[in-house]
Amino acid sequence: MIADHLPALQVVVPLLAAPLMMLVRRGTFAWLVAVAVSWTTLAIAFALAVKVREVGVISYAMGNWPPPWGIEYRVDALNSFVLVLVSLVASVVAPYARTSVAAELPRDQHYLVFTMFSLCLAGLLGITITGDAFNLFVFLEISSLSTYVLIALGRNRRALLAAYQYLVLGTIGATFYIIGVGLLYLMTGTLNLADMAQRLRDVHEMRPVLAALAFITAGVGLKLALFPLHFWLPNAYAYAPSAITSFLAASATKVSVYVLLRYYFLIFGVPLVFGRLPMAEVLIGLSVLAVVSASLVAVFQRDLKRMFAYSSVAQIGYITMGMGLANKAGMTGAVVHLFNHGITKGAIFLLLGGVALRVGSTSLERVAGLAKTMPLTSFGIVLGGMSLIGVPGTAGFISKWYLVLGAIEHGYWGLAVLLVVSSLIAVAYVWRFVEVAYFREPEPGAARLAEAPGSMLIPAWIMVAACVYFGLDTSLPLDGARAAAALLLGGAP
Amino acid sequence: MSFPGHYTYWVTIFLMIAGLYIVIARGNLVKKLIGLGIFQTSVYLLYIAPGKLIGGTAPILAASFHTYSNPLPHVLILTAIVVGVATLALGLAIVVRIREAYDTIEEDEILEKDRAEEAEE
Amino acid sequence: MLLAALFIPALGALAIAACDRWPDLRETVTLVTAGSLLYCVLSLLGPVLGGAQPQVMLVQMLPGIALSLRIEPLGMLFALVASTLWIVNSIYSIGYMRANREPHQTRFYVCFALALACTMGIAFSANLLTLYLFYEALTLITYPLVTHHGDDEARRGGRLYLGYLLATSIVFLLPAIVITWAVAGTLEFKAGGILGGGVSNAAIGGLLALYMFGIGKAALMPFHRWLPAAMVAPTPVSALLHAVAVVKAGVFSVVKVVVYVFGVERIAGLASVEWLPFVAGFTIIAASIVALRSDNLKRRLAYSTVSQLSYIVLSVSLLAPLSVVGAALHIAAHAVSKITLFFAAGAIYTASHKTEVSQLDGIGRRMPWTLGAFAVGALSLIGVPPAVGFVSKWFIFQGAAATGHYLVMAVLGVSALLNAAYFLPILYAAFFKAPAQGADHGEAPLTMVIALCATASLTVGLFFYPQIPLALARQLAGF
């Protein structure tokens, strides 16, 4: 009975939890609920992933209105993978958040953080699971609005401006998206994505469809921080509360990437996007710029959170690059990098949260000698950094392997070279941290700094361990990614 | 297929561009939000206008009516309006907080203060 | 047993870390670990000599590519050399680290043990990906050892070290592996190579270049600068890692790639691979000349290492069975000889704090054992019998003669002269010149002297009893 309604519960559970927390207004209660909710969503996501593997596609008619008229929730190999990623990140961040939030925010705001966290989770899961273009917009706005609140809660006053800028750009992005959907609706008369894909085959040469593609690309591109639409991201990540940064960095942009993947490959289709339009060249070109320029900017940052935020822009470039390659290896690389970058960046930002808590800042000058005062945290950041570089034995290597393979299969030798050279830029910024943390002496007075509390360190290290584990035994994410890539490219898995 | 025949589109596009222009060109945070509101409004029009058929009525099944207007865009746009209101409210709330923190709502002055603060560090 | 070779040093590292507070116990643990590793490797030796190739698969890393280990003759030889010398080196380290009152000794021993674990991983890797994994891990784990002193100079050296090794491995080696995978569909090391006929000869030349320069640890010019830079490390590190484990991991990979990925027969006689002997030959000569001009003893030894490594690359690039045997033998020969030289350099530094060649006048009279061992190592590298360097050079020479590479023979001859030119003056000054002033010091601590005498006698011993390495090398070359 319940098993049939899992797709709905995936979204409804966190969605209903939010008003409950709002009513009770107790920080501890809200935290407990948030943990329970995120773990429940993880369990549901896993159950769905297992079921998808057995039966293929799960279609769930919301409120029993049959698609294409009603809203359909549709789970397949691709989005079950993203569901697992998002709920996994949430399940790790939620237990961590209590100490981190308690240290960073005044007491009366605690319940708010968890309410918004829960709402944001509901939005992200909703975007992923829904099979309806307009419903997707609604969830996009639910997650975005809660994100703006979360960022604005940051203790530095610059967080406010960061939130405001993100709000303006995010709203423009969402509106662009909905303009695109409107045009598609005018052309096809349906909002159900699967149905839309069917009907678009008849009209795909017409100009409104192309305009829709442009609007959706620009809109979703803003949300996923596709170069050069990434200017909101570094500030937003740098000034949001630490726990929130980790959650957003690991999941929010990934969900937007998923939306773009879905529109390009399953709705507009490869012949239109990559055949008639030069989107492959556009995507790869922008990705190259993202990877190179954002990595270079990251090297010169003075604040660790900003440094790794810029690195996120670069890493998203890898994902879109794999998308642009549009062959099997490239797509596998893109999808698996969604996951790998999610856990890697999640781990790093969780550890940085500990740094912010103990040191009071994440600026590079202040973390001198961190390896002495917080050895576990420093070492975790180094391991995460290696995953960003793509050192074999870490998750990042697997993504890079597939991306290079994809580039070579296409005969894009220059791109393959660029991929590997860009790893070297990652070495440069990761090693800036290493040299400061390991070779400089701690500032006087910093000697009594202790390691981050266990409630933060343990979740963070779970993520770090995942980075290494999924670099060695890759079957779990890789099978998911290969199935997703096969689905996107329309072949048998 | 004439200019007047498409005039709803022209209005839509005008609102869209005007809204975006305000967002980009104005430094005042509240004015930016107003621009954003106009921009979003253009979308409402984009959805609603094509749903109307000349001579069509509300979709209430009755023997005397044969042409109906499409009700779905209205429903969708109701939702979109709610979203728009929420965004605007949140945006204004943030602007209030910004004014409390910076004592101004002009973007360039805020950035100036941030830079000054950075220079002190 | 095969897995144990990896896990013994790794677990040893844990135990060493646990014994942080009790230095004596910590060093006992190090020695016990080293001893059990040698025992483990020796117990594997018998079956391998008998022709067996035990293997074990760890995990499936990528579809079709597992993280797996297999012992073949060359890996056995490399593991044998590294694990034997680790024991000697541990004894030496204890003396060196204590006498020089080095900080962070626990970190030193832990990283050392982990580096050995990675070395075993490289030696026993069954495919390119496993090799690459341990290769990179070795780079990263030795970084703390290179930068042990933590001062600006160490940091600069560490940056060069890491920069060169990571850059070459990521920019050249990784694409080479990916291309190999894309072309051959497998990364397993197989006798006779895996490339097959599907690759054009020009492409093979390019791929070979990617591998040769990608394996930066082999220090082929122009990617050799990391090795002198790594000399900022404490001497035991330079001795074991930068004369044995790390650099040998480089040339070992070179030999393995040429023999098991390309296949000697597949690429023999191809015009597109003819450039390799020239690059290697150039490196030999150029590095020797630089060595000649360096006054710093460790730096001179480092450039000598660069030059000697290219012997191995050169001889394998001749693509004749005899020269492959020579290459494999030279891995062992150079290891024992060069570690002796580094030990001696460290002993000199410990006893007298002298680092420059020009300061060594008359030191042989004060430290007869140390300088005696130094003489043995130096003669071995010049190629004078009865030292093991002669054996390997003999085979390389024969290989060159058999394939008619007269230029190579000339290079070998000139370089032997150059070797003599940069080693013999040291010996002359040490034994025959009068000491500059009344320096007051004796021999280095006993453990260090024991260690360097052990390696020196090994250098000579292997000349008379080269059976085991020779047997393994012959198995590799297949005759």
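Select Asp195(A): at 16% relative accessibility, this residue counts as buried. Buried means under 20% relative accessible area, exposed over 50%, and partly exposed in between, using a 1.4 Å probe and protein chains only. You are looking at a predicted model, where local features need pLDDT of at least 70, side-chain atom pairs count only at pLDDT 80 or more, and totals for chains, interfaces and linings use all residues. Residues are numbered from 1 along each chain as its sequence is written, chains are lettered from A and ligands numbered from 1 in the order in which they are written, and side-chain values use heavy atoms, with hydrogens and water left out.

**Stop one: around Asp195(A)**

Show helix H7 of chain A, residues 193-203; Asp195(A) sits in it. Helices (H or I, at least four residues) and strands (E, at least two) are DSSP runs, numbered from the N terminus. Now show Pro68(A) and Thr190(A). Asp195(A) touches both, not counting residues up to four places away in sequence. Contact means heavy atoms within 4.5 Å.

**Stop two: Val255(A)**

Go to helix H10 of chain A, residues 242-268, and pick Val255(A). Is Val255(A) buried or exposed? Val255(A) is buried, with a relative accessible area of 1%. Next, find Thr320(A). From Val255(A) it is 65 residues away in sequence and 13 Å away in space, C-alpha to C-alpha.

**Stop three: the core**

A nonpolar core is a set of buried Ala, Val, Leu, Ile, Met, Phe, Trp, Tyr and Cys residues joined through side-chain atoms within 4.5 Å. The largest one here has 428 residues. Select Tyr263(A), Trp401(A) and Tyr211(C), which have the most contacts inside it. Then colour helix H9 of chain C, residues 235-262: the largest share of this core, 20 residues, comes from there.

Zoom in on Tyr211(C). Leaving aside neighbours within four places in sequence, its contacts include Leu128(C), Leu173(C), Val257(C) and Phe262(C).

**Stop four: the whole of chain C**

Zoom out to chain C. How many helices and strands does chain C have? The secondary structure comes to 19 helices and two strands. Along its principal axes, the C-alpha trace of chain C spans about 70 × 55 × 45 Å. Of the 479 residues of chain C, 63% count as buried. Among contacts in chain C between residues at least 6 apart in sequence, 82% join residues at least 24 apart.
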